[in-house]
Amino acid sequence: MFDLDKWQEIFETIRKNKLRTILTGFSVSWGIFMLIILLGSGNGLQNGVLDQFKRDAMNSLWIYSGRTSMAFDGMQPGRRIQFTNEDYDRTKDSGLDVDKISSRYSIYRNNVISYKTEYVSYEIIAVHPDTEVLENTTSLKGRFLNDVDINQYRKVVAISTILEEALFKREEPVGKYIKLNGIPFQVIGVFTDYSDRDLQRVYVPVSTAQRVFNGANRISNMSFTTNTHDIEALQQMENYLRKSFAARHKFDPKDKRAMWINNNMEGYQRTMALFSGIRIFVWIIGVFTIIAGIVGVSNIMIIVVRERTREIGIRKALGATPNSIVGLILLESVLITSVAGYMGLVLGVLLLEILAPHTQIEFFMNPSVDLSVGLQATAVLVFAGLLAGFFPAWKAANVKPIEALADE
């Protein structure tokens, strides 16, 4: 492989056929380039979708009420199902594998949140303390809500970093009082969140909000995390919840519109299976694109062998072994495909690096390829070079000296 004469001969052949070599290498380079771009784009899409899952706890179930779409026990469809504190208490003490749980009461009105002369309009969401885990929020200053706030009906509020900047500017917010629809609440903490949507809200104790904002015992929805990641166990849990809620609120358990359950873990696993399929599809497209380049290289090597038939015959007549002939052809083929392929690989990675900072949008971010893809591409390149040169090399190795010398 490190025979200097052999390398000189290969480079001399390439030099004499520059255009042919460049055009042949371009097809391989383009195949690798497209493979890298497709894989990077697939990773960017996956990163964007997974970022959406970070907004909420992965192993969580979210339960929402709706309107009945089926008649039940003499009652007509179209009834509004209203969850209450009893639903929260029953679910919490149901014996299910419930870890963190929270109900939610949303204040649906033109909310005005103010501090001194600053006024903004954000969502006011009444929750239990476990929302901090369920929503994947992180407290940066002070604290989040706790059970004492719930039990003592405290008028306290946790605000987001966006609200802190809008109301307080450079002033320290923790301990200050802001007004929620004209009612004073004390700021106990500042949080951040993965979701921009969740930063457009403030959190108050659900017990307090139900009293202050005339919520009675009503809740809008409920969510909880579990300690299991088994899809079948989660589906059994969903069936139990649907039957339990149906019995309390008098609707058909088969009525999907009366109560909707979102299983984050099921959605996550379904999404990951989808991206596995996308990766396989991308590799298939990339490999077939590379195969088109391999065919081009192979055809060129066949032409090279045909042009050098007389030379190969002389080599064999002087004692050259079939292995040396095969090695020469294969080495030239691997050299062309490897150099061209790496150029496509480098250009693809560079393009992704250049575009990455400008493609941070929802559902698509950080398009890139990792080291494993580079190693896989290397293996593909070497294999492609060997495959492209095998048949021409095999043909060259079987050239008979007498026939080759007689060929004009």
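**Figure 1. Lys250 sits in the loop that runs between H8 and strand S14 (259-263).** Helices (H or I, at least four residues) and strands (E, at least two) are DSSP runs, numbered from the N terminus. Most residues other than glycine have a negative phi. Lys250 is partly exposed, with a relative accessible area of 45%; buried means under 20% relative accessible area, exposed over 50%, and partly exposed in between (1.4 Å probe, protein chains only). The model is predicted, so local features need pLDDT of at least 70 and side-chain atom pairs count only at pLDDT 80 or more, while totals for chains, interfaces and linings use all residues. Residues are numbered from 1 along each chain as its sequence is written, and side-chain values use heavy atoms, with hydrogens and water left out.

**Figure 2. Ala216 lies in the loop between helix H7 (206-212) and strand S12 (218-219).** Ala216 has a positive phi of about 55° although it is not a glycine. The relative accessible area of Ala216 is 49%, which makes it partly exposed.

**Figure 3. Helix H8 covers residues 231-249.** H8 has 19 residues and reaches 27 Å from its first C-alpha to its last, close to the expected 27 Å; the expected span is 1.5 Å times one less than the number of residues. Buried in H8 are Ile231, Leu234, Met237, Glu238, Leu241, Arg242, Phe245, Ala246 and His249. Seen down the axis of H8, these buried residues fall within an arc of 165°, so they line one face of the helix. The arc is that of the directions from the helix axis to the C-beta atoms. On the face turned away from the buried side of H8 are the exposed residues Glu232, Gln236, Lys243 and Ala247.

**Figure 4. Helix H3 (residues 85-92) crosses H8.** The axes of H3 and H8 come within 12 Å and cross at roughly 145°. Axes are lines fitted to C-alpha atoms, for helices over the stretch in contact, and angles run from 0 to 180 degrees between N-to-C directions. The residues that meet are Glu86, Asp87, Arg90 and Thr91 in H3 and Leu241, Phe245, Arg248 and His249 in H8; contact means heavy atoms within 4.5 Å. The residues of this contact divide into two nonpolar, two polar and four charged. Ala, Val, Leu, Ile, Met, Phe, Trp, Tyr, Cys and Pro count as nonpolar, Asp, Glu, Lys and Arg as charged, and the others, Gly among them, as polar.

**Figure 5. H3 has the buried residues Asp87, Tyr88 and Thr91.** Viewed down the axis of H3, its buried residues fall within an arc of 100°, so they line one face of the helix. Their cover includes strand S2 (83-84), strand S3 (98-107), S12, strand S13 (221-226) and H8.

**Figure 6. Asn47 lies in helix H2 (residues 18-53).** Asn47 is partly exposed, with a relative accessible area of 28%. Leaving aside neighbours within four places in sequence, Asn47 is in contact with Met365 and Asn366. Asn47 and Asn366 are 319 residues apart along the chain, and their C-alpha atoms are separated by 6.8 Å. Across the protein chain, 78% of the contacts between residues at least 6 apart in sequence join residues at least 24 apart.
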